[in-house]
Amino acid sequence: MINRSPLTIISWKEDFITELGKLIIQEAGGELADTIIIVPHHRPARYLRKFFAGTELLAKPCILPEIISFSDFLSRIMPQIREELPFKAAKLDQVGLLFEVIEELRDKSSGLASRLPYDRLKFFPWGIRLSSLLEELLRQGIEPENLNMLQGEVLDWAAALLEELGTIYETYICELKKRNWTTSGLDCRILSQNLEQSCAALDGRRLYLAGFYALSGVEDLFFRHLWENCGLRVVCHSDPALAYGEKGHFAASEHRNWIRNWGARAESPSPAEGGCKLPELKFHEGFDRHSQLAALEEELLESDHEDSGIVLPDTGLLLPVMHHLPELDVNISMGYPLERSALNGLLEAVLKLQENRNGDRFYWKDITAIIRHPYLKMLELDKEQPLRTIFHQWEAAMREGTPYSAIEDFIPVYSDGHEAIVKDPDATEELRVEVVRACMENFRDIKTLAGLADSLQNLAEMLRMRGGTLWQRYLLDSECLFRLMNEVIPELRQSSISHEEFSQSLVFSIFRQLISSQRVSFEPDPISGMQILGMLESRLLNFKRTYIINAVDEKIPGTDPNDPLLPDNMRHLLDLPDSRERENVAAYNFYRLIMGCEEAHILYQCGVQPGMLDSRSMRSRFVEQLIWELEKKSGKLIKPDNDFPLKAINFPVSAIVSEPAAIDKAPVLEKLHEHLARKGLSPSAIDTYVSCPKLFYYRYLSGVREPATVDTEGDRAGFGELVHNVLRDTLAPFTGKEVSAKDLNPEAVGDLFVERLMLNSLYLNLPFDAKKSLEQAGRHRLETYIRGMTPTRIEALEQTAEFSVNAGPMTVRVHGRLDRVDFRNDRRFVVDYKTGGLKKPAVSFWKQEEIWETVEDGDTINSPDNFLELLSNSSACLQLPLYLAMDSQTSGMIPHDAALVELVESGQEKPLFGKKMPEDERDEIISVKIPELTAFIVRHLLETPAFAAQKSRQCDWCSYRGACGA
């Protein structure tokens, strides 16, 4: 037996890479060719090679040592242990095999597994979790038993799988071996069963295990065997106090357990004293992510960037951080989730298009989501991006159409009659057709993973070939495309279940699960300048100045992962590491990073985080520990202040502008006069001005049209017009005659409405429930009104009417169309149908002194600032009063009253005045008050200096809200 060497502890105050390199050169005497250095991951290997290449302690030229991660080391040594090289099963292969195992077990079992449904779609997410659990058991060297009596503790699927876990484990391994398949976990199991053979394969090599902290079960078994029998040298980056028999820092607990469990002796070239001395600490407390990034940018501008590292516990911070960095060279070393990339945004839009498809027609919003994607709009032809213009046409056309449309419905316009809209119409159309084929047509009716892989391959190739300089300018996107083409698509095409037929939902679900597990790796080259790293990627590296962003408790150490198959509180049943060990690892990574720098900036959020129960973001418990250490040293509490060590991030607060800016009338006054002279005003235009002058400007003077949009619930305006037309045509034969409910057939009126509704183009593409809703609502409203119709004599239908008002230097015409004019008891009535809400002035409006005194005074310039708001709130709607004035001047007779027909509910008439209004007051209102009020409003429109916004509830659905700034 070889003498077991002591574990060497390099102080985490020292640069581990440099000290490790010196130690290896010293012990090897400069001959490194037979040396193997096993490190936790690839990044420190790059730094170590750089050290060996640059150090003067090593004579050149020379053969560098083999520096390898444990996963690569395992792949390297397995061919010397196995007799034949097996097939490496990917995740989809494992899940497909597990489905067969579960199905066989389901037929034989008498327990919960026998009741599991034969449904691949429901099994797949459980299969993903089950394969991960089995891999972890294999890496830990644990042979599980069946876990019984878990019903009610976990979900039914989980209880059934755990009840047969031991059986599944054994069958799974047997099936892997029978098929000559392997996995990383199975390689670990085979390694643990062939320790002597693996040791023989390493005979004559000098072995170093560098920088590990917590070992898995198989790693612990294997490395201990190498340490006891093959002279393995273990070098740790930790608290040197452990080498002097002291307890050491709590974050080094796994190293302490390691030394105890192996019965090893530890040594360190550094003294124990000062090993845990904290560097200069600067805490930045922000109220959200943006405040942290602003503080980071400010600190970077004021400090030296050499030998600095920005550490991100959350990969979602990568892009925001990059946007806040000053102009300097940075290197990124971290994994970015492919699921969060812009590329996956396009893929998700493509899948959603197919999922919401209605036959051969696609939902307009799904088409819009695809053609709006920046990748497609940036496709190039001779350095031009012509699809931007064509896709804008396509979206505009869809907004004028139906909710569902076929791809063939859109025909691009490449010429305006004088010149081409794009540079090369033929090439642009060819590119458009290629995009449509790759993003839409190729994904129809996919039934296999291989078919999906082919469609994805065509889409990826189209993006790559047609992207022009896109992929050279956006390197992150380029890496994501590379990952899709070289990892995701091959696994979809080459797995054991690739050619099995599944439902579209299962195929898409498998793809989404696969995407969610993919991370795009970034390796810096060269490894200099400012570094941006994830927390795991920072292991074994030291920086002079360290910045840790978003150091909140849900990221450091992090919340327990939600595993419905084996919750954290049940992992002890299988002797698997739980959240406590994960916290130990997180504590070590955090404190090792802090101890190894001269200055640490820790930024975190402390405020209300919107979400479930509005939970409060709390700074990490490790940050609390550091602040506690400073408080003990200073003897006082440390509170957020404008200075360090705990600096509150504050921004200057300016007054909040509560009102959107008004629009000066002077530049458009000539246009306003022209509009009034040529078109006059309608009652709806007057109501618009009273409710919001700025809306009047946008709607009638600006020339900016309200954006068209597809109404997925039916065109309300079209529905109202249809109801009006049905009533007009029904009552037309009775013009000039007496008519009542007994003269009309309600069912025939309802049938006429349904008949015309079915001929409406918008109706044909509505969802079934919306169609039935419109049919039933329209029929019910019309039939109810006809059954309760008041006896009357119809004077006119759809009659135009108008009156004129003098407004200073000009006369303005107020005009419109009256739905119906009746005679009842020799009194004239104006009737207006309403399919929406009813709005009319209350009787008290005509006696509201504040309004009528202002109107009588006639001074629009000095009228109260809130006059229009008061008028709008008091009158609700002036349309019905204006109809009375219009009819009076057009017919030469003063109407007795006007009424709104409430078609929404009971079909009742709601009169403007009612029976209690005296006849002389009615005449005065119609003949005097309404014309005077109208004239005052028109003069207010002409004479006041600006179109001011009037905020109200209608701002919430106003089409011009963005332009207005309300």
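Helices (H or I, at least four residues) and strands (E, at least two) are DSSP runs that are numbered from the N terminus. The structure is a predicted model, in which local features need pLDDT of at least 70 and side-chain atom pairs count only at pLDDT 80 or more, while totals for chains, interfaces and linings use all residues. Residues are numbered from 1 along each chain as its sequence is written, and side-chain values use heavy atoms, with hydrogens and water left out.

**Cis peptide bonds**

- Isoleucine 556 and proline 557 are linked by a peptide bond that is cis, with omega near 5 degrees, and proline 557 itself belongs to helix H23, which covers residues 554–558.
- Between phenylalanine 644 and proline 645 the peptide bond is likewise cis, with an omega of about 15 degrees, and proline 645 sits in the loop between helix H25 (621–634) and strand E19 (646–648).

- Lysine 383 counts as exposed because its relative accessibility is 76%, where exposed means over 50% relative accessible area, buried under 20% and partly exposed in between, using a 1.4 Å probe and protein chains only.
- Asparagine 825, which is not a glycine either, shows a positive phi of about 55 degrees, and asparagine 825 lies in the loop between strand E23 (810–824) and strand E24 (827–834).
- With a relative accessible area of 76%, asparagine 825 is exposed.
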